[in-house]
Amino acid sequence: MALMITDECINCDVCEPECPNQAISMGPEYYLIDPARCTECVGHFDEPQCVQVCPVACIPVNPAHVESKDSLWARYRRLQVDAAAAAAAQGSGGSGRSAGRGGSGRGGFVACTFIIARSIS
């Protein structure tokens with residue numbers, strides 16, 4: 001189940017930095033949640049962090065995107081694999097900056113994320 005932000009949002013800016021999946025962004029009038037990135041914090045926290053910090057309780061489940069915990073876990077794993085691939089591409093992209101420790105372009109984060117993603121599946 002992806003969450004959504006209603007028009008009761010007061011644009012207080014506390015939810016966006018709390019999202020571990022970068023699913024929250026500013027829309028034309030108030031913040032929006034991308035249902036393709038929202039896992040309700042499955043894989044990161046026991047409860048959705050945006051809901052926990054929202055001072056006006058304007059973040060319900062999106063009825064257009066009702067999903068099981070299994071599908072949220074699958075999305076979490078896909079997002080982790082995508083993040084690892086992006087980090088690996090950035091590390092080997094010749095940007096002049098080293099990735100991870102030792103500057104080898106194979107940072108511990110990438111390897112750790114891949115191992116976590118593989119062990120969950």
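## Basis of the model

Because the structure is a predicted model, local features need pLDDT of at least 70 and side-chain atom pairs count only at pLDDT 80 or more, whereas totals for chains, interfaces and linings use all residues. Residues are numbered from 1 along each chain as its sequence is written, and side-chain values use heavy atoms, with hydrogens and water left out.

## Overall architecture

The protein has three helices and two strands, arranged along the sequence as β-β-α-α-α. These elements are DSSP runs numbered from the N terminus, with helices (H or I) of at least four residues and strands (E) of at least two.

Of the 121 residues, 31% count as buried; buried means under 20% relative accessible area, exposed over 50%, and partly exposed in between, with a 1.4 Å probe and protein chains only. The protein exposes about 7400 Å², of which carbon and sulfur atoms supply 54%; accessible areas come from the Shrake-Rupley method with a 1.4 Å probe, and for residues only the protein chains shown count as cover. Among contacts with a separation of 6 or more, residues 24 or more positions apart account for 64%, a contact being heavy atoms within 4.5 Å.

## The nonpolar core

The largest nonpolar core holds 15 residues, and the members touching the most others are Ile-5, Cys-15, Ile-24, Ile-33, Cys-50 and Ile-59. Such a core is a set of buried Ala, Val, Leu, Ile, Met, Phe, Trp, Tyr and Cys residues joined through side-chain atoms within 4.5 Å.

Ile-33 illustrates the packing. Neighbours within four places in sequence aside, Ile-33 is in contact with Leu-3, Met-4, Ile-5, Ala-23, Ile-24, Cys-38, Cys-50 and Ile-59.

## Helix 2 and Leu-72

Helix 2 has 23 residues and reaches 33 Å from its first C-alpha to its last, close to the expected 33 Å; the expected span is 1.5 Å times one less than the number of residues. Its buried residues are Leu-72, Arg-75, Tyr-76, Leu-79, Gln-80, Ala-84 and Gly-91.

Leu-72 lies in this helix and is buried, at 0% relative accessibility. Beyond residues up to four places away in sequence, Leu-72 touches Met-1, Cys-38, Thr-39, Glu-40, Val-42 and Glu-67. The C-alpha atoms of Leu-72 and Cys-41 are separated by 8.7 Å, although the two are 31 residues apart along the chain.

## The aromatic pair

A search of the whole structure finds one aromatic pair. Trp-73 and Tyr-76 form this pair in an edge-to-face arrangement, 5.6 Å centre to centre with 90° between the planes. Rings of Phe, Tyr and Trp (its six-membered ring) pair if their centres lie within 6.5 Å; planes under 30 degrees apart count as stacked, over 60 as edge-to-face and the rest as tilted.

Trp-73 and Tyr-76 are three residues apart in helix 2 (residues 69–91), and therefore separated by about one helical turn. An α-helix has 3.6 residues a turn, so residues three or four places apart point the same way. Trp-73 is partly exposed at 33% relative accessible area, whereas Tyr-76 is buried at 7%.

## Salt bridges

There are two salt bridges, each defined by a side-chain nitrogen of Lys or Arg within 4 Å of a carboxyl oxygen of Asp or Glu. Arg-75 pairs with Glu-67, the closest N and O atoms being 2.5 Å apart, and both residues are buried.

Asp-82 forms a salt bridge with Arg-78, with 3.5 Å between the closest N and O atoms. Asp-82 is partly exposed at 41% relative accessibility, as is Arg-78 at 39%.
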